[in-house]
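Dear colleague,

I am handing over the structure shown below for your attention. My findings follow it, arranged by region.

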Amino acid sequence: MIRGWKGYVVYGLGFLLVLEMMLAAAIYWWPSFAENIGKYKVIASPIPMLKQLVDQVDRGGVAGYVVGQHFFKGCATLGTAAAILFASGAVAGEAHRGTMELWLARPVSRLRLLTERYVLGLLAVIVPVFASSYTIPALLTRVDQTMQWSDLTRCSIHMAAFLGVVYSIAFLWSSLGSEPLRISFVMLFASILTFAIYMVETITNYSLYRIVDIEVFMEIVMRNRLDWRFVGPMLAISAVLYLLSLRAFQRRVP
Amino acid sequence: MNSTRSAPPSERALTPAAARTGLRSPGSISVRGLTQSFGDKVALAPLDLDIEPGGVIGLLGPNGSGKSTFMRLLVGLVPLQAGEIWVDGLRLEGDGVEIRQRTTYAPGELHLYGELRGRDQIAFLLRGRDRATRRRAEATAEGMGLPLDKRVRGYSHGMKRQLVFAAAMAPDVRIRILDEISEGLDPAKRSEVLDLIEADAKSGTTILLSSHHLGEVDRSCERLVFINAGKLIADETASSVSERAARIVRVTYPEGVNLDDVPRALGESVAESMRVEGRQLHVMLETDDPRAFLEALGANRSLPAPVAIEHGKLSLRELYRSLYGVEGT
């Protein structure tokens, strides 16, 4: 369970470090990938979804490669795990440890207590997404490539909105429950299942990861604008989930 | 949850209605029709109680009687289902943050953050208070010999209890609500804690103290509120306990005497109730005049001769037993 802003900073930095290491490794591998893209297409051909991904990267060039490696692979998968882990203990962790009464007994309103935890946890998830994304132009200069800051910002906003929904679902459950481990396991299992569905061509459209795949990010890059058909509803869903968490928390008995 | 009014605290604290009733004045606690249930379990039946400013008020009752729920309700930790609560002249509304600013509450269940150092735990407990309050709490804790630079996970149960106590006594407030504050303390520390509570009460603070330890309640409390199954079953002051005691006669007989027939031999008319316990006959008179009973006792020559007769004495332990039918600790 993470408690206090220092804890969130530490976990957020940890998440940033992992993202950054994966990103740096991926970008340094770009020349080799570009050179051997034909071979990868052959390797991927038996798995239709994998072939589709490689084709999308091929069409997108370095931008397709970066959004695939960083946003789709790094942020969407690890970010989901981070969002679940950072949110699941927010309230349920206090109940599990028996410290809920102590936490609530101070002269601080429940609105403030919950909002602080919600915002700090959410920042610990989304700030690393933006921070790591903004290191991409510098890393790309090492392989004589470049990407626009504005494209990276738009992709990061899209990614953050998605992770905000995942985080808010886990947070709502935490506000209702008292077993953070169960919340984490069930949600992580559900996210793995959702990713598995994404990888099956016939049912891929039923997966939440369709919202954050290479095709969606390449649309954002190509059109130079956010896709509000996705971002708007995702922000609205997060807001509703937060309000439901608050409602549950206000009624909660220590 | 009660959220019918939303006037600012200063206004609510000084409403004419509140001013008319002294029990809604600063330092007082007043509840009306307080009802609470958790699912099918009724934790508090409609409960009315008024506590005047100043002094130590003991809240007694067996486990599950509703003491902790009552205390949590007073500071807004449990959402109010029905009834009205006034604390320190302020009506409880919403999540009770304004009342928690004007009171301190020490929970009975003791779960601290083991990874924090004692000093940080105090800072956590006193969030929302000023720095001077924190310093006072640290001084009290250090005065009790607590190592504030050590992590709380290394503290004993009693040390944790003292840490919570130090934090609860530090804020400059008119009301303190202390749930089982001396539980787990050794006799010396318990006495130290009670000394601090009594000194604080003398300075005009109202202290609502729940406890299973009758000895400490007997020593510190000027008023005793007994709760059972969520209902107020007795509300006693020192004078009402002596009035009750004036109706009690205890007759002690020598070892080996069979007392089973004594109540019947004396006849039901001489007392409200009689019961035999070991070598003693406990008699509750109908009035505070024991002469009729003593005459009946002396006139019945078939009864064994007593070795001692006491009148007008009632220990808290006996009072507890008479109210709950079980021994207090």
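Helix H8 of chain B is followed by B:Gly204, whose phi is positive, near 110°. Please bear in mind throughout that this is a predicted model.

**Helix H8 of chain B**

At the start of H8(B), the backbone nitrogen of B:Ala188 has a side-chain oxygen of B:Asp186 within 3.1 Å. The length of the helix can be checked against expectation: at 1.5 Å a residue, its 16 residues should span 22 Å, and the C-alpha atoms at its ends are 22 Å apart, so the two agree.

The buried residues of H8(B) are B:Lys189, B:Arg190, B:Val193, B:Leu194, B:Ile197, B:Glu198, B:Asp200 and B:Ala201. They are covered by elements of chain B including strand E3 (55-60), helix H7 (157-169), E7, strand E8 (206-210) and helix H9 (214-220).

Apart from its neighbours within four places in sequence, B:Arg190 is in contact with B:Ser182, B:Leu185, B:His213 and B:Glu216. B:Ile197, with residues up to four places away in sequence not counted, touches B:Val56, B:Phe165, B:Met169, B:Leu178, B:Ile181, B:Ile207 and B:Leu209.

**Helix H1 of chain A**

Helix H1 of chain A comprises residues 4-28, and the same check on length applies to it: its 25 residues should span 36 Å at 1.5 Å a residue, and its end C-alpha atoms are 37 Å apart, which agrees. The residues buried in H1(A) are A:Gly7, A:Tyr8, A:Gly12, A:Phe15, A:Leu19, A:Leu23, A:Ala26 and A:Ile27. These buried residues pack against helix H2 (30-35), H4, helix H7 (110-133) and helix H8 (136-141) of chain A.

**Strands of chain B**

Chain B has an open sheet of four strands in the order E2-E1-E4-E5, with antiparallel pairing. Strand E2 (41-51) and strand E5 (90-91) stand at the edges; each has a single partner strand, so one side of each is left without a neighbour in the sheet. E5(B) is joined to strand E4 (residues 82-87) of chain B by two bridges, and the two run antiparallel. In this pair, B:Val87 stands opposite B:Leu90 in E5(B).

Strand E9 (residues 223-228) and strand E10 (residues 231-237) of chain B also run antiparallel, joined by six bridges. B:Arg223 stands opposite B:Thr237 in E10(B). E9(B) and E10(B) form a hairpin with two residues between the strands, and B:Ala229 in this hairpin takes a positive phi near 50°.

**Loop residues**

Most residues other than glycine have a negative phi. Which value does phi of A:Asn224 take? Phi of A:Asn224 is near 55°, a positive value in a residue other than glycine. A:Asn224 is found in chain A, in the loop between helix H11 (214-223) and helix H12 (228-250), and counts as partly exposed at 47% relative accessibility.

B:Glu180 likewise is not a glycine but has a positive phi of about 50°. It is found in the loop between strand E7 (175-179) and helix H8 (187-202) of chain B. Is B:Glu180 buried or exposed? Its relative accessibility is 13%, so B:Glu180 counts as buried.

Finally, B:Asp260 has its place in the loop between strand E11 (248-252) and helix H11 (262-266) of chain B. With 59% relative accessibility, B:Asp260 counts as exposed. B:Asp260 and B:Val241 are 19 residues apart along the chain, and their C-alpha atoms are separated by 29 Å.

With kind regards

Terms used. Residues numbered from 1 in each chain as written. Chains lettered and ligands numbered in written order. Predicted model: local features only at pLDDT ≥ 70, side-chain atom pairs only at ≥ 80, totals over all residues. Heavy atoms only, no water. Pairing = 2+ DSSP bridges. Buried < 20%, exposed > 50% of the residue type's maximum accessible area, 1.4 Å probe, protein only. Contact = heavy atoms within 4.5 Å. Expected span 1.5 Å × (residues − 1). Polar contact = N/O pair within 3.5 Å; in protein donor to acceptor, adjacent residues only side chain to side chain.
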